[in-house]
Amino acid sequence: MTTASPRNLTSKLAGLRDHRAALAVVLLCAVAVAPLLRTISPCTHDGGLHYHRVVALRHALSDGTVFSRYVPDLAFGYGYPFFNYREALSYYSALALYLTGMGLPVALNLVYVLSIVGSAIGAYLLARDLFGPTAGIVAGVAYAYAPYQFLDALLRGNAPESVALALVPFILWAFRRLALNGGRRYFVLSTVFLVALYLTHYISSLILTPVLIAYMIVLWWVYRRQGHWVAVGGALASALGLSALFLGPALLEQDYVQLHMSIVTRNNDFHFNFADLREILALPRPVDTSLVNPPYQVHLGLVAAILGAIGLVVGLVRWRDRERRATLVFLALLAVALVWMSTASSLWVWESLPLLPFVQFPWRFMGRAILPLALLGSAAFSEPLPASSGKRRLVVIVGAAAGSGVWIVSALPYTYPPLGYCPSKPYPMVSDVFAYEQQTGQVGVDPEGSYFPVWVKRRPVGPPLVAQYAA
């Protein structure tokens, strides 16, 4: 008869504790995802676009086309080079769920549900490695309940960006583990997560890549003599190489389409989409349903800013090791920089850097500030040292529960779809895509028609092959 060694027993107990904490994070997301657990989807700005693009993908698949840069059934059947310039992964995720037999509205809702829950799990993993499981729970809740998550899922209807928000903490977690531990497992995870981001939302990858490199520089400064930096460089190069098949045409073939149309309208021009601090730090407000065109508000949240500041101070006082202190300072500077990029004071940067105008909305940077603030807020609930008393541990746990509760309660006003719910067919056909294009005038299922070839002088106005498609 053999007995487990104390080290193995401790490792098993720690693993069990981590599993319980991760399960707690998932369960705490229940309120956040509740509005999406329906057979109909919230009425959103872009929900109809995603819905009909997936329908076109489904019809192309039934014809034997697994993937095509030129989606053959858009633009009334003339075809439209949507995936030559736009990311495909979130659409194929919805398509995969749709192919299981569930209705398309349910499949699209589930993409947002998985994105919010995935955001929580990713933030938990990253914060757990930095500050311990208790802090991880707080970070997961804070990231999942950020106002920007609900803005994407319940008002804008931006599925690619929602999936991208979930991928970001996984990327930082995997690259940190690769830098500190090395190994094939973390090399593969780092590469796969980063490739997934590049294939999900180009704008998010444009913002995250400099952040990731800066974070690796911080870790290099701390662990420069013992880190696995060749592996980190290899993972970055591998991700860029694997993504080049999709990123290359999007960058190199811009002159072949009418891409300027994506930034010519006031709505998509960055000059008119900056936020100010009053909007950024505003408290939740009730929606005035009497307004025909209610003002578009993007909030970071006063609670996030206050808890982030508290976490920064507590973390710097509590911890003395170089990595945690350097990470706290990095996260604080990153949050400030991202918020600053969303304000008009950064106008000169927007007008100077190439590609940045295609981000369109400076307030997108505010949405990226929620992760560093969630991590900072969790630092206030970092694990006490092993020699600490049980009373101190209890105080941390109670404080973490209270902190998570504050995040959830403060987010409740955002968990209601401002525009209600819009019923749609659970199993639509390609004829519904043509009807949508004709009724809305959004030929190619694209509001601006930015990806029509430059040689197109007249856009199609109706489906010439409607009888054949019907047959």
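In which helix is the place of alanine 401? Alanine 401 belongs to helix H19, which spans residues 390–411, helices here being DSSP runs of H or I of at least four residues, numbered from the N terminus. The model is a predicted one, in which local features need pLDDT of at least 70 and side-chain atom pairs count only at pLDDT 80 or more, whereas totals for chains, interfaces and linings use all residues. Residues are numbered from 1 along each chain as its sequence is written, and side-chain values use heavy atoms, with hydrogens and water left out.

Alanine 401 counts as exposed because its relative accessibility is 51%, where exposed means over 50% relative accessible area, buried under 20% and partly exposed in between, with a 1.4 Å probe and protein chains only. Between alanine 401 and threonine 134 the C-alpha to C-alpha distance is 9.0 Å, although 267 residues separate them in sequence. For serine 238, in helix H12 (residues 229–252), the relative accessibility is 26%, so this residue counts as partly exposed. Serine 238 lies 200 residues from glutamine 438 in sequence and 43 Å from it in space, C-alpha to C-alpha. When neighbours within four places in sequence are left aside, serine 238 is in contact with Phe187 and Thr191, contact meaning heavy atoms within 4.5 Å.

H3 contributes His50, Arg53, Val54, Leu57, Arg58 and Leu61 to the contact, and H5 contributes Tyr91, Tyr92, Ala94, Leu95 and Tyr98. By class, the residues of this contact of H3 with H5 are eight nonpolar, one polar and two charged, with Ala, Val, Leu, Ile, Met, Phe, Trp, Tyr, Cys and Pro counted as nonpolar, Asp, Glu, Lys and Arg as charged, and the others, Gly among them, as polar.

In the second pair, helix H6 (residues 104–131) and helix H18 (residues 370–379) have axes that come within 10 Å and cross at roughly 40 degrees, and the two are therefore oblique to each other. Here Ala123, Leu126, Ala127 and Phe131 of H6 meet Leu371, Leu375, Ser378 and Ala379 of H18, a contact of seven nonpolar, one polar and no charged residues.

Aspartate 432, in helix H20 (residues 430–440), is buried because its relative accessible area is 16%. Its side chain is joined to that of lysine 425 by a polar contact of 2.8 Å, that is, a pair of N or O atoms within 3.5 Å of which, within protein, one must be able to donate a hydrogen and the other to accept it, residues adjacent in sequence counting only if both atoms are side-chain atoms.

Most residues other than glycine have a negative phi. Glutamine 360, by contrast, has a positive phi near 70 degrees and is found in the loop between helix H16 (347–352) and helix H17 (364–368). Valine 445, likewise not a glycine, has a positive phi of about 50 degrees and is placed in the loop between H20 and helix H21 (466–470). Glutamine 360 counts as buried at 13% relative accessibility, and valine 445 is buried with a relative accessible area of 0%.

Conventions: Axes are lines fitted to C-alpha atoms, for helices over the stretch in contact, and angles run from 0 to 180 degrees between N-to-C directions. Angles under 35 degrees count as roughly parallel, over 145 as roughly antiparallel, 65 to 115 as roughly perpendicular and the rest as oblique.
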